[in-house]
Amino acid sequence: MIGALWSNFDYAVSVVLFLIGLYCVIAKNNLIKKFMGLNIMETSVFAFIVAIGVVDRGSAPIMGPGARGPFVNPIPQALILTGIVVAVSTTALALSLIVRVWHQCGTIEADELRELE
Amino acid sequence: MKKALIIALLAVAAIPLLAAMASMPRFGSPEQPAYTHVASRYLQKGAEEAGADNVVTGVILNYRGFDTNGEVTVIFTACAATAAVLVTSGSRKKEKPGEATVPLSPVVGYVVRLLAPFIALFAFYVVLFGEVSPGGGFQGGTIFAALIIILSVVAGRNVAERVLPARVRPWLQIAGPLSFIAVGTLGAVLTGSYLGFPHARGLLATAMLMGIELGIGIGGATVFASIFWRLGDEP
Amino acid sequence: METVDVRVLLAPAISFACSGLVFLMGRNVFWRRFWSLGAATLKLVVVMSMLPGALRGTTYVWRFIEFTPGISIAFRADALGMFFATVSSTLWLVTTVFAIGYMEPEHAKVRFFGFFALCVSTTVGVAFAENLLTLFVFYETLTICTYPLVIHEETPEALRAGRKYLAYTLSGGACILLGSALTYQVAGTLTLSKPGILPASADPRTLAILFTTLVAGFGVKAAIIPLHGWLPSAMVAPTPVSALLHAVAVVKVGAFGILRVVYNVFGVELLRRLGFTVPLAYLAAFTIIAASVAALFQDNLKRRLAYSTVSQLSYIVLGAALLTPAAACAAVAHIANQAFAKITMFFVAGSIQRTTGKTQIHELAGIGHEMPLTMAAFTVASLSFVGVPLFAGFITKWYLSLGALESGMWWFAIVMLASSLLNAAYWLPIVYLAFFKGPHGRGTGSGEARLLLLVPTLLCAAWVLVLGTTSDVPGMPFALARAAVEFVFKM
Amino acid sequence: MWWQWAHWLPLAVLVPLGFGVTTPAVAGGDGGRAWRWAVLGSALAAATTLALVVRVAREGPFSYAFGGWNPPYGIEFRFDEVGAFAFVVASLGMLAIVFSGRYAEHALDPARIPYFYTLLLLDIAGLIGFSVTGDLFNMYVFMEIISLSSYALVAVSGERTAEMAAFKYLVLGAVSSLLVLFGIGMVYGTTGTLNLADAARRLGGVGSAVPVAVAIALMAAGFMVKSALFPLHVWLPDAHAIAPSPVSAVLSGLVVKVGLLGTFRLYQVVYRTGIVDLAALDQLFLWLGAISIVMGAFFAIFQDDIKMMLAYSTISNIGYIVMGFGLASKFALIGAAVHIFNHAIIKSALFLAAGAIIHQTGYRRLSELRGAGRGMPLTAAALSVGAVSIVGIPPTAGFLCKWYIALGAFEAGRAAFGFALVFGALFIFVYYIRMVNAFYFQEPVHADVVHAGDPPLSMLVPVWVLAGLCLAMGLAGKIPLTFITPAISRLLAPIGG
């Protein structure tokens, strides 16, 4: 079990990152910090999926003269490109909301906001 | 106390996750299903079939082009979403650059003005050569957006906005989805399915790919710049 | 013999359409009365036009719409359903007349008459339901449609009563839903056109759950103790509504549902073997006695009527539970016997309230001199409840006692006797009070109730006598009851 | 035949998408023009999806391969009976947009109106895409389009509470999306494919069941956050109550169903492979569904805000559907699937009618709205029809679900849950009866409520179309039920059968 986990060390790291991000989302009080936790989670999932695409001693999957295999799996890279864009979009919206909350309430601490309600 | 509880809960949640990770196919193995099933075909035939030496680009634009169609929609959704949250009829933009920040040194302004054309050129390079090298519409578009953002910080928003005039900006923002719909429909006419590309690696297929890349690049750049500007508007 | 005939659909549809027209045009007094009365008459005509056929043994059917795959909303006028439909549509007409007179000073008359018509529409729907699901559909719709009537006064007390009413009846509805689902699971069909659909081979425990849920569900509206709590509270409603609730629609739907469960879902043979009805019979007997005792202590006339209803309804349940042809005859016939007598009494209570403003029994001293005809009608109804021969109530008691002896459970005949005594104990004092007590020759000066109230009262009282004297005349409703029983017992 | 044209399937997504992205550019700041454009777009989308429904009813499921790449190499759209949700989405979306015309003028900042319609159309496009896609990652992309536009739509009114509700919704929604994406990654890592049908085939041959089980757990958890199953519901009441009413209708009727449809797709992948025993998941769904029914109803009783009440009632109704999934017998699954459709109709009717009342009177608390039945008889009547329907009084649309899940509970031998469902529904009635009482039977508090008058036709017509559907879908219950049955039969068919 531990041996198998060790050989899949990269995956395990993304799980740990995922949980660290989740911790920030739950435990942090500042809305921006909460959101940074979310970004950590996003990164961890992206890292996990990209890691699936890794092949031992693989090179970038760009064909053409002089290119030699093995090439790494192109699919996870393509997926994660989309994933990153989604993450950026979510971040943009979250920041706009935080900006508005700041303008209207003068604070972005979750507990102070709760008192305002 | 509360934090300890959260950590304990997350630690419990980690167990099944780590167990699952341990029994995933071995990391980096060429025998793993992810590599042997669909990906192997992409790697073997991708360069010819998809019309791009960079197989990642081939996957993004051709094999899984519809995902990217969705993706550009997501970017535009973010643009519309920030607009719906931030725009008000009374909102005005900050007229003076760097109002609340320290005044910029003239060196910064000079360097930026010197570098701006090169950054723009690089952005276009990344867009157009995504087909054969690392890069593509998003990457190039992001670089271009960065240029615009730098310009609006350094030279003021009025200068930067001249690059993307407000009159056509709503159309530029949707360049991504529109180019996809146009090319996809053209593909449907030519090959019988939406986002289909003519198989032979000819001028037409390349032009279609380029069209999409350019659309993504322009659209992405405009959207990112618009979001940046909107975040700075006075409510 | 089955005949496809649209009249079975028309009967509920007419009242339904009428209620729509009342809602649309009801602000105008003339049109409100026109549609209410017109539809009542029309429906009575439609139902009556099926009566000769039904007496000859024809069953009219009509499939309305396939509701879920395999289960339709379908109508079927068998003898039992025809009997119930005849009673309810006759009474609807007289109640409508009475309501027009009674409701004159009230508010929100459009709503009142609209929902009034809907209620009767759904009641006929229950009567003609071809399967358990159709029956349930109308049963629940009836619950919803009566709610605005129950809380017509819009006082906090009325709202409270309304909530109580809904809580009881909707819980009952939930039980029926579950029971129907289980029936479908066990029998694979929900039709009510056969004398029993449940397979004898089914697990007795499942059947016990099934019987309990269905009987408890219908028992709420049939006001079997301990499920009767809503009925006395619902007395806050205007008198025509109480009449409708107690005599025609709501409670009868419950009792009718129990008849359907016993005769058409389980079937007599299966129930005899399983013995589930014995506890039900004891419960019904207990209800008969306990509710009568409770009625003795009520001073409010309508509340006494309510407890009397609780007691009388259990006659039907007991008749069903005894599982003999004579008892079944009594059960079916009592739908009509109780309905006419009880509605007479409600009309009397309403007339007194409208004419003199009195609601308590002790206030009624000498009222017989003011309103002799009204109180004569009351006397007829009282005697019927006591079970004096030649009055409708006697028929029930006679056959029910016969049934009790037939089934070997003679003690239920004693329950009948005790109930008669109790009925005498709480009705006759009122008669005595009205005619032989109080200020002679010098009353409130109110005089007799107005004709719109009086005529329906007298008609109903007269019909109590007719029912009591013509049980052997062919072509009268009792013949239908017999036909229903013959079908159920496969005679 | 006209409905056999292959391109209806991509068009169903591309039409609302194309109209959506172009709305701000076409409108140029004119709210009225944006509205007309959006109405046109959603009407065309409804027409397109109708073609799909006709085809699936005649021919059974069919697919469309994008770019001519056959699955698993390209992205596939697969339209089955459950995908007919797309039609519900398009038509209800159209009604919500029609309704918005006058509503938005009144309630929103004029500068935001074009973006409001854009986001509504994109939400519709995302929902349609989500219900028809046959590819796991494509599903995620559409899920994100839906989520992003929904977060923004909650905040579009610009009130402080709305923005905070939107942020809460955003954080939980993003976490749930990541859970789903994590699961998708694990499925991809173990099977090497993203195509749903292909994954179903290949799951049987994977080396270890552990990652698959954990992936299912992650995805189910993510989907259940999206569907607001108790105890993951915390984001829903605020978001749904504070959003503009047409948005509430779309969110509560359609967007929460994303999680349920996703779960259904997940079932389609793993149900028949036998690699993972789903009994534990079923058990969990059963209990959480039952608790959701009761808790949703319980919280709703204490709400005075009419939209808050409707929002909690959504949690109860999600409980019905999840319980249907958990029972996993044929009747229960049919009931659950049909309720996905019917609840969308009923809840939209309720939210739009409530929105019309709030729009006309300016009050949103039941205690203030007394007498609304006199003031706006047609709207209040529609709201009452919706209330009767959602409680499941026959013969309205809400009854079918109760009936089928009760049948399914007995079929699965779990009668207790049938009881829980039916009596839980009674609990729900308690608060709807409060609403009816307030509208019709209680003394008005504000005189202007009694004189409010019914809303303009552009609001009244959508409300009554939906209220009429609440009745019609119940009476003609056979149509949706027989329509959906093949999908459930395929799901439950024995392996190799």
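Biologist: What share of the 491 residues in chain C is buried?

Modeller: Buried residues make up 64% of them. This is a predicted model. A residue counts as buried if 20 or more other C-beta atoms lie within 10 Å of its own.

Biologist: Why is chain C called as compact as a globular protein of its length?

Modeller: Compare two values. The radius of gyration of chain C is 21 Å. The globule rule gives 23 Å for 491 residues. Along the principal axes, its C-alpha atoms fill a box of roughly 70 × 55 × 45 Å.

Biologist: What are the contacts in chain C with a separation of 6 or more made of?

Modeller: Residues 24 or more positions apart account for 81% of them.

Biologist: How many helices and strands does chain C have?

Modeller: It has 20 helices and 3 strands. The 3 strands form a sheet in the order β1-β2-β3 (chain C), with mixed pairing.

Biologist: Why do β1 and β3 of chain C stand at the edges?

Modeller: β1 (2-4) and β3 (71-77) of chain C each have a single partner strand, so one side of each is left without a neighbour in the sheet. From one strand to the next, the twist averages 40°.

Biologist: What makes β1(C) and β2 of chain C a pair?

Modeller: Two strands pair if there are at least two bridges between them. β1(C) and β2 (residues 59-68) of chain C have 3 bridges, in the parallel sense. Thr3(C), for one, has Tyr60(C) as its bridge partner in β2(C).

Biologist: On to chain D. Why is Ala353(D) called buried?

Modeller: The cut-off is 20 or more other C-beta atoms within 10 Å. Ala353(D) has 34 C-beta neighbours inside 10 Å, so it counts as buried. Ala353(D) sits in helix α14 (residues 330-361) of chain D.

Biologist: Which residues does Ala353(D) touch, beyond those up to four places away in sequence?

Modeller: They are Thr379(D), Ala382(D), Leu383(D), Gly386(D) and Val463(D). Leu481(D) is 128 residues from Ala353(D) along the chain, and their C-alpha atoms are separated by 27 Å.

Biologist: How many residues of chain B and chain D are in contact?

Modeller: 47 residues of chain B are in contact with 51 residues of chain D. α5(B) gives the most to the chain B side, with 15 residues.

Biologist: What kinds of residue make up the side of chain B that touches chain D?

Modeller: That side divides into 29 nonpolar, 14 polar and 4 charged residues.

How values were computed. Residues are numbered from 1 along each chain as its sequence is written. Chains are lettered from A and ligands numbered from 1 in the order in which they are written. This is a predicted model: local features need pLDDT of at least 70, side-chain atom pairs count only at pLDDT 80 or more; totals for chains, interfaces and linings use all residues. Two residues are in contact if their C-beta atoms, placed from the backbone, lie within 7 Å. Helices (H or I, at least four residues) and strands (E, at least two) are DSSP runs, numbered from the N terminus. Ala, Val, Leu, Ile, Met, Phe, Trp, Tyr, Cys and Pro count as nonpolar, Asp, Glu, Lys and Arg as charged, and the others, Gly among them, as polar. Axes are lines fitted to C-alpha atoms, for helices over the stretch in contact, and angles run from 0 to 180 degrees between N-to-C directions. The radius of gyration is taken over C-alpha atoms; the globule rule is 2.2 Å times the number of residues to the power 0.38. A residue is buried if 20 or more other C-beta atoms lie within 10 Å of its own, exposed if 12 or fewer, and partly exposed in between; C-beta atoms are placed from the backbone.
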